[in-house]
Amino acid sequence: MKTDIRVGIGYDIHRFAAGRKLVLGGVTVPHKKGLAGHSDADVVLHAVADALLGAVGAGDIGRHFPDTDKRFSGISSLVLLRRVAGMLKKDGWRVSNVDVMLLLEAPRIGPYRDRMRRRMAQALGVAVGRVSVKATTQEGVGAIGENRAAASYAVAAVYKGR
Ligand SMILES: [Zn+2]
């Protein structure tokens with residue numbers, strides 16, 4: 001059987017809000033604000049889930065986990081990511097790698113980066129070396145630079161066959 005390789009891209013953005021936990025890549029990061037959203041607003045995992053769904057042409061997380069559905073209110077996005085991984089696995093897809101580019105001004109995520117990689121690798125059932133997390137600030141420019149929002153890009157490659 002020939003190897004079938006696919007790639008997908010994901011992007012997400014959430015506003016910062018007071019009184020919310022900041023959850024990034026499945027890890028709670030201590031900060032004075034969190035991200036607003038229906039679920040835990042994990043902007044990293046939402047981008048990763050969209051990249052994986054995009055790679056196999058399966059739509060996006062809004063379609064699979066609509067924010068009008070009460071079952072997904074406050075849910076850990078790791079649960080959603082595990083479900084996406086399960087969907088791909090059922091169709092014979094294996095995750096080759098995931099690369100995340102997180103855009104936020106604060107806090108510094110360096111100390112949490114490896115924990116995020118491990119959480120995501122675990123949810124996807126792959127070795128931690130297949131998951132990368134990078135972060136950059138916006139040098140104070142725009143909504144993200146002014147600490148009003150955090151955004152994340154993700155690219156995922158999946159394959160079928162040998
Ligand atoms: Zn989101």
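Visitor: Which elements each supply at least two residues of the lining of the second largest pocket?

Guide: This is a predicted model, in which local features need pLDDT of at least 70 and side-chain atom pairs count only at pLDDT 80 or more, whereas totals for chains, interfaces and linings use all residues. Residues are numbered from 1 along each chain as its sequence is written, and side-chain values rest on heavy atoms, with hydrogens and water left out. The second largest pocket is lined by Ala85, Leu88, Lys89, Trp93, Arg94, Val95, Leu124, Gly125, Val126, Arg130 and Tyr159 (an open set of points on a 1 Å grid where a 1.4 Å probe fits, with protein on both sides within 12 Å along at least five of seven lines; lining residues have an atom within 4 Å of a point). The elements (DSSP runs, H or I of at least four residues for helices and E of at least two for strands) that each give at least two residues to this lining are α3 and β5 (94-103).

Visitor: Which element gives the most to the lining of the second largest pocket, and with how many residues?

Guide: By class, that lining has seven nonpolar residues, one polar and three charged (Ala, Val, Leu, Ile, Met, Phe, Trp, Tyr, Cys and Pro are nonpolar, Asp, Glu, Lys and Arg charged, the others, Gly among them, polar). The element that gives the most is α3, with three residues.

Visitor: Which element gives the most to the lining of the largest pocket?

Guide: The largest pocket is lined by 17 residues, and Ser39, His46, Ile61, Phe65 and Asp67 lie nearest its centre. Two or more residues of this lining come from each of β1 (4-17), α1 (43-55) and α2 (61-64). With four residues, the element that gives the most is β1.

Visitor: At roughly what angle do the axes of α3 and α4 cross, and how is α3 oriented to α4?

Guide: The axes of helix α3 (residues 77-90) and helix α4 (residues 113-124) come within 8 Å and cross at roughly 40° (lines fitted to C-alpha atoms over the stretch in contact, with angles from 0 to 180 degrees between N-to-C directions). The contact (heavy atoms within 4.5 Å) is made by Leu78, Leu81, Arg82 and Ala85 of α3 with Arg119, Met120, Ala123 and Leu124 of α4, which gives six nonpolar, no polar and two charged residues. The angle therefore makes α3, relative to α4, oblique (under 35 degrees is roughly parallel, over 145 roughly antiparallel, 65 to 115 roughly perpendicular and the rest oblique).

Visitor: How are α1 and α3 oriented to each other?

Guide: The axes of α1 and α3 come within 10 Å and cross at roughly 10°. Their contact joins Leu45, His46, Val48, Ala49, Leu52 and Leu53 of α1 to Ser77, Leu78, Leu81, Val84, Met87 and Leu88 of α3, with ten nonpolar, two polar and no charged residues. Given that crossing angle, α1 and α3 are therefore roughly parallel.

Visitor: How many residues apart are Tyr11 and Tyr153?

Guide: The structure holds one aromatic pair, formed by Tyr11 and Tyr153 and tilted, at 4.8 Å centre to centre and 45° between the planes (ring centres of Phe, Tyr and the six-membered ring of Trp within 6.5 Å; under 30 degrees is stacked, over 60 edge-to-face and the rest tilted). The pair links distant parts of the chain, since Tyr11 belongs to strand β1 and Tyr153 to strand β7 (residues 149-160), and the separation is 142 residues.

Visitor: Where is Glu139 found?

Guide: Glu139 has a positive phi of about 55° although it is not a glycine. Its place is the loop between β6 (131-136) and α5 (142-145).
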